[in-house]
Amino acid sequence: MNLLKNFLWLKDISCISFMESCFEIIENTNDLEVIDSILLSYDNRFIRRKKLTSNNGIEFIVNLAETKSLYHNQAFKLESNKLILIKSESEKLLEITGDNLMKLIWHIGNRHMPCQIEENRVVIQYDKVIKAMILQLGGVAKEIVEPFNPEGGAYGVGRTHSHKH
């Protein structure tokens, strides 16, 4: 693919800024130069087209062929073949524990909520209604702040929901 430059017209039309594009997400960053990183929340790691700014101020345009769910330590590959490493941003979550964890997981899954399942806890995005439900079901719901990396969809990779109700 040829190096394509995007033109960003600022408020004053006389100002033009050149910005690299990203058309590809990379899993393995070993052979390419990582020049920066970017912190993205779970919701912001679901992307197709968007202007982003890395942690050190590098602006670039993401222009993917389709919407993708991005994961911690993947990277945006810029036209110059340099990489911007994706990091999961800490966010407000609920840590769910309890003696009836399997039952609690069933109720969370029944609501089609993204869920990070670990051996002794489940982590979901903060939701006061779900917190009340967990407490009513005898579980423990603790507010935490950390990166959120939930399981992918059962019917495909990432945030899919292809079955019908």
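1. I looked at the aromatic rings here, and the count comes to 2 aromatic pairs. The rule takes rings of Phe, Tyr and Trp (its six-membered ring) with centres within 6.5 Å, calling planes under 30 degrees apart stacked, over 60 edge-to-face and the rest tilted. Keep in mind that this is a predicted model, where local features need pLDDT of at least 70, side-chain atom pairs count only at pLDDT 80 or more, and totals for chains, interfaces and linings use all residues. Residues are numbered from 1 along each chain as its sequence is written, and side-chain values use heavy atoms, with hydrogens and water left out.

2. Strands are DSSP runs (E, at least two residues), numbered from the N terminus. Y42 is buried at 8% relative accessible area (buried means under 20%, with a 1.4 Å probe and protein chains only). F148 is buried too, at 0%.

3. F60 and F76 make a tilted pair, with 5.2 Å centre to centre and 55° between the planes. F60 belongs to strand 5 (residues 59–69) and F76 to strand 6 (residues 75–78), so the pair ties together parts 16 residues apart in sequence. F60 is buried at 0%, and F76 is buried at 0% as well.

4. One for the charge-over-ring list: the charged end of K92 sits over the Y126 ring, 4.1 Å from its centre. The test is NZ of Lys or CZ of Arg within 6 Å of the ring centre and within 35 degrees of the ring normal.

Note on methods
Buried means under 20% relative accessible area, exposed over 50%, partly exposed in between (1.4 Å probe, protein chains only). Helices (H or I, at least four residues) and strands (E, at least two) are DSSP runs, numbered from the N terminus.
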